[in-house]
Amino acid sequence: RRSSETIKENEKWRKITKPTLLLTLGLAVLFYSPSSYLLYIACFFCFVGDIFLLFNKNEKIFVVGGTLFLVAHLIHTYLLISRSGLDHIHFSIYIILGILTIVFGLLSFFLIKPYMKNLDKRTSYSLYVCFLFINAYFSIVATIITYNPLYLLVFLGYILYLISDTTLFITTFHRDIPRRDFPIMLTYLLA
């Protein structure tokens, strides 16, 4: 038997477990941090976004799911800045972020070109991953400023989201690959 045959895809099981993971995370946050209302809202947006992303054959529904995740990432950006004290950092940190985000966005736009020919899809992908990059950037800055290694875990989580979402974009809009759900779900779960 080839090693690629040992990992079997079970689409029905994935469609149940993927959104359930976010629901479980939301409930864990509820018990761990009962006053984190914005975090509950972010988890809810991710949960509903996951349900929409399950219908990746319908492009409009897929875009709605991605938009819900983007809103959740924006909420997380706000929470990351406000809870780590980044709202009091020097303005130059934001200028550096802006420059790096533009460079990262352009790089992602051109690197994904062989896999995503459609300009609108490639632009959407690049804008989406820019928000992942912004959160990864703020996580590193928070790690340095607060000396709290938990922000480093947030950074690693965003890198894993980047891998997961890039794989999802490529397999949805360019070409499906065998057993695509395994790397998408593995990086998603680790994130």
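These are my notebook entries on what I looked up in the structure shown above.

**Ground rules.** I am working with a predicted model, in which local features need pLDDT of at least 70 and side-chain atom pairs count only at pLDDT 80 or more, while totals for chains, interfaces and linings use all residues. Residues are numbered from 1 along each chain as its sequence is written, and side-chain values use heavy atoms, with hydrogens and water left out.

**Fold and dimensions.** I began with the secondary structure and found 7 helices and 0 strands in the chain, with the elements running α-α-α-α-α-α-α from the N terminus on. Helices here are DSSP runs of H or I with at least four residues, strands are runs of E with at least two, and both are numbered from the N terminus. The C-alpha trace spans about 55 × 40 × 35 Å along its principal axes.

Of the 191 residues, 41% are buried, where buried means under 20% relative accessible area, exposed means over 50%, and partly exposed lies in between (1.4 Å probe, protein chains only). For contacts, meaning heavy atoms within 4.5 Å, I noted that 65% of those between residues at least 6 apart in sequence join residues at least 24 apart. The chain exposes about 11,400 Å², and carbon and sulfur atoms supply 73% of that area; the areas come from the Shrake-Rupley method with a 1.4 Å probe, and for residues only the protein chains shown count as cover. I also looked up the charges and found 17 positive and 10 negative side chains, with the centres of the two sets 5 Å apart. Lys and Arg count as positive and Asp and Glu as negative, with His and the chain ends not counted, and each charge is placed at NZ of Lys, CZ of Arg, CG of Asp or CD of Glu.

**Nonpolar cores.** A nonpolar core is a set of buried Ala, Val, Leu, Ile, Met, Phe, Trp, Tyr and Cys residues joined through side-chain atoms within 4.5 Å. The largest one has 25 residues, and those with the most contacts inside it are Phe-69, Met-116, Tyr-125, Tyr-128, Val-129, Leu-132 and Phe-169. Two or more residues come from each of α2 (37-53), α3 (59-84), α5 (119-146), α6 (150-173) and α7 (181-190), and α6 gives the most, with 7 residues.

Ala-136 lies in helix α5 and is buried, with a relative accessible area of 5%. Not counting residues up to four places away in sequence, Ala-136 touches Phe-155 and Tyr-158, and its C-alpha is 9.5 Å from that of Thr-77, a residue 59 places away in sequence. In helix α2 I looked up Leu-39, which, with the same exclusion of residues up to four places away, touches Val-29, Leu-79 and Arg-83; the C-alpha atoms of Leu-39 and Val-29, 10 residues apart along the chain, are separated by 7.6 Å.

**Exposed positions.** Ile-102, in helix α4 (residues 91-111), is exposed, with a relative accessible area of 56%, and lies 28 Å from Ile-41, C-alpha to C-alpha. Leu-153, in helix α6, is exposed at 54%; from Leu-153 to Arg-122, which is 31 residues away in sequence, the C-alpha distance is 28 Å. Tyr-147 lies in the loop between α5 and α6 and counts as exposed at 72% relative accessibility. I noted that phi of Tyr-147 is near 60 degrees, a positive value in a residue other than glycine. Most residues other than glycine have a negative phi.
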